[in-house]
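Below are my notes as numbered points, to be read with the model open beside you.

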Amino acid sequence: MTTPQAILLIHCPDKQGLINTVTDFVFKNKGNIVSLDQHVDEGDEVFFMRIAWEIDNFLIPRKKIGEFFHTLIAEPNQMSWQLHFSDQKAKVALFVSKASHCLFDLLQRHLTGELACDIAAIISNHTSLAYIAERFDIPFHHIPITADTKADQETKEKELISKLGVNLIVLARYMQILSADFCERYPHRVINIHHSFLPAFKGGRPYRSAYERGVKLIGATAHYVTSELDEGPIIAQDVAAVSHREGISDLKRLGKDIEKRVLSQAVYLHLQHRVLPYGKRTIVFD
């Protein structure tokens, strides 16, 4: 079994000696550092860091690590920080509609152990994908939504998320626009995927519009959801080159493949605590 690790994500005003300050805190308390990555944004003069260390022999009890770090290190250095533990699995809810490609991909990666989490539920506004939930033995919740019932049904979703103790919501091609209240309730805890034709090709037929304009690149973007539609901090992106030889069906097929890869990558990075949101963007650590 892998030794449990503490994982610390930090950002603060940059100044000399910050790396030494943090690593010294770990070293003096008998922590074995297994990973360290840092970045300085020279324009904003902000220091970013991710550090992970083994806690089996750490002198500070794990329940007190955050308190000690805040008092001794974070507060004097104006640090914003997050502390996570590698042996605490996130509980995930997958939101879907009718498209199955992202859902199948996430479930397969979870089944093989690539995504270290517990999938607590699949929630959908349709019943089309209930058979997939049954196949993977995951609870399926049908919560239909119309314009008239949206507020009440979102309340049901939030109650269910709370009851299940969900830490992360993944919109695996969930074709509903979340309300501002829903988005603001779960900051940096909702991940969405969409094609990267936005904002040029909006609407329900983006691949046809892109084909008609002769695009040479197609892609997908995974990002945290905010109340600003499709404008949350980006986690992962990818593209594929296309030409006049690809028809609309080819673009859709390639697009689905990119969406699967990009969404799973974003979920993986989030679960590994490698994503540090900062303003309207993210720092993604190796």
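1. **An exposed aspartate in a loop.** At 68% relative accessibility, aspartate 137 counts as exposed, where exposed means over 50% relative accessible area, buried under 20%, and partly exposed in between, with a 1.4 Å probe and protein chains only. Aspartate 137 sits in the loop between α4 (130-135) and β7 (140-142); helices here are DSSP runs of H or I with at least four residues, strands are runs of E with at least two, and both are numbered from the N terminus. The phi of aspartate 137 is near 60°, a positive value in a residue other than glycine.

2. **Ground rules.** Please keep in mind that this is a predicted model, in which local features need pLDDT of at least 70 and side-chain atom pairs count only at pLDDT 80 or more, while totals for chains, interfaces and linings use all residues. Residues are numbered from 1 along each chain as its sequence is written, and side-chain values use heavy atoms, with hydrogens and water left out.

3. **Another positive phi.** Glutamine 78 is not a glycine, yet its phi is positive, at about 55°. The residue belongs to the loop between α2 (62-74) and β4 (80-85). With a relative accessibility of 61%, glutamine 78 counts as exposed.

4. **Salt bridges, and one across the sequence.** The whole structure contains 14 salt bridges, each being a side-chain nitrogen of Lys or Arg within 4 Å of a carboxyl oxygen of Asp or Glu. As background, side chains of opposite charge can pair when their charged atoms come close. One of the salt bridges joins the side chains of arginine 281 and aspartate 41, at 2.5 Å from N to O. Arginine 281 is in strand β13 (residues 281-284) and aspartate 41 in strand β2, so this pair ties together parts that are 240 residues apart in sequence.

5. **The surroundings of that pair.** Are the two partners buried or exposed, or something in between? Arginine 281 counts as partly exposed at 33% relative accessibility, whereas aspartate 41 is buried, with a relative accessible area of 14%.

6. **A pair between helices.** Lysine 158 forms a salt bridge with aspartate 181, and the closest N and O atoms are 2.4 Å apart. Because lysine 158 lies in helix α5 (residues 150-164) and aspartate 181 in helix α6 (residues 180-185), the pair ties together parts that are 23 residues apart in sequence. Lysine 158 counts as buried at 11% relative accessibility, while aspartate 181 is partly exposed, with a relative accessible area of 43%.

7. **One further bridge.** The side chains of arginine 109 and glutamate 114 also meet in a salt bridge, with 2.8 Å from N to O. Glutamate 114 counts as partly exposed, at 35% relative accessibility.

8. **Helix packing.** At what angle do helix α3 (residues 101-111) and helix α8 (residues 248-271) pack? The angle is about 45°, and their axes are 9 Å apart; axes are lines fitted to C-alpha atoms, for helices over the stretch in contact, and angles run from 0 to 180 degrees between N-to-C directions. The two helices are therefore oblique to each other, the term for what remains once angles under 35 degrees are called roughly parallel, over 145 roughly antiparallel and 65 to 115 roughly perpendicular.

9. The axes of helix α1 (residues 18-28) and α2 come within 12 Å and cross at roughly 140°. That angle makes α1 oblique to α2.

10. **Two distances to check.** Histidine 195, found in strand β9 (residues 190-195), counts as buried at 9% relative accessibility. Histidine 195 and threonine 221 are 26 residues apart in sequence and 6.2 Å apart in space, C-alpha to C-alpha. For glutamate 228 and isoleucine 65, the figures are 163 residues in sequence and 35 Å in space, again C-alpha to C-alpha. Glutamate 228 is in the loop between β10 (217-224) and β11 (234-241) and counts as partly exposed, at 39% relative accessibility.
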